[in-house]
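Welcome! Here is a short briefing to read alongside the structure.

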Amino acid sequence: MMNKTFFAPWIKLRFHPSASLTVLDLHLWNEIGRLKQKLITQFADRNTKIISPKNCQSVEMYFNSEKMEKTIGRVAEKTPEVGETVSGLLVKKAFTYQIMALDDLHVFLQLSITNSSQRITIAYTGAFGVLKHRLKQIFESVESLPNEEYEGRAFGVHERLTVKYESEKHISLHWRSDPISDMVSDSVVALVLNIGREIPKVAVESEEATKTEEENN
């Protein structure tokens with residue numbers, strides 16, 4: 001800790017008792033000399049360094065600052081083991097750092113979290129089975145969804161995006177917006193638009209996809 005003190009005959013000296021370094025800066029060298037000797041004598045039992053630089057002489061001081069992050073809320077409920085990774089949101093407030101869970105954000109800060117649901121309708125005249133067959137070639141998880149729940153034919157992609165059959169000319173995509181789901185939806189949209197340009201090939205694949213579904217059933 002550093003305490004920089006300016007001294008003049010009409011100003012009282014204020015010396016912080018816990019300071020480890022005090023810089024005396026004034027033009028009256030005789031007064032500074034006596035003051036410096038008095039301070040050295042008074043705080044001889046402490047690790048205090050007192051310097052009196054000359055005019056225009058630079059003084060360099062180095063500080064070792066340590067940043068500490070505190071876990072609060074649900075993240076702090078369990079003490080992590082050595083080498084265990086602690087995940088959460090790092091929040092800087094004034095000069096303190098805190099790690100908290102996403103669900104605790106509204107508890108410790110005046111912030112609220114909302115989920116944004118996305119829906120897009122795309123023109124598609126091909127067979128719905130062909131689209132599912134093409135998506136299985138790209139994504140590992142493409143599962144059919146109950147017709148009763150989605151009021152018609154639909155399937156999910158990695159439990160992040162739902163592809164729903166709307167009519168003979170349209171399909172719709174439904175997902176909750178986040179970086180990964182947005183990336184999946186972009187890939188599906190690009191695939192649907194690409195299928196629309198390959199009508200002869202899609203017709204052949206439509207027959208193959210239909211046979212595959214009949215065999216699976």
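The accessible surface of the protein comes to about 16200 Å² (Shrake-Rupley method, 1.4 Å probe; for residues, only the protein chains shown count as cover), and carbon and sulfur atoms hold 51% of that surface. This is a predicted model, where local features need pLDDT of at least 70, side-chain atom pairs count only at pLDDT 80 or more, and totals for chains, interfaces and linings use all residues. Residues are numbered from 1 along each chain as its sequence is written, and side-chain values use heavy atoms, with hydrogens and water left out.

**Overall make-up**
- The protein has 6 helices and 11 strands, which are DSSP runs numbered from the N terminus (helices: H or I, at least four residues; strands: E, at least two).
- Of its 217 residues, 29% are buried, meaning under 20% relative accessible area with a 1.4 Å probe, protein chains only.
- Among contacts (heavy atoms within 4.5 Å) with a separation of 6 or more, 48% link residues 24 or more positions apart.

**Strand pairing**
- Strands E7 (residues 117-123) and E11 (residues 170-176) run antiparallel and share 7 bridges; pairing requires at least two bridges found by DSSP.
- In this pair, Ser-117 faces Arg-176 of E11.
- Strand E10 (residues 161-165) is also antiparallel to E11, through 5 bridges, and the two form a hairpin with 4 residues between them.
- Lys-164 has Ser-172 in E11 as its bridge partner.

**A look at Ser-185**
- Ser-185 sits in helix H5 (residues 179-196) and counts as buried because its relative accessibility is 2%.
- A polar atom of the Ser-185 side chain lies 2.7 Å from the backbone oxygen of Asp-182.
- Leaving aside residues up to four places away in sequence, Ser-185 touches Leu-161, Leu-173 and Trp-175.

Methods:
Buried < 20%, exposed > 50% of the residue type's maximum accessible area, 1.4 Å probe, protein only. Polar contact = N/O pair within 3.5 Å; in protein donor to acceptor, adjacent residues only side chain to side chain.
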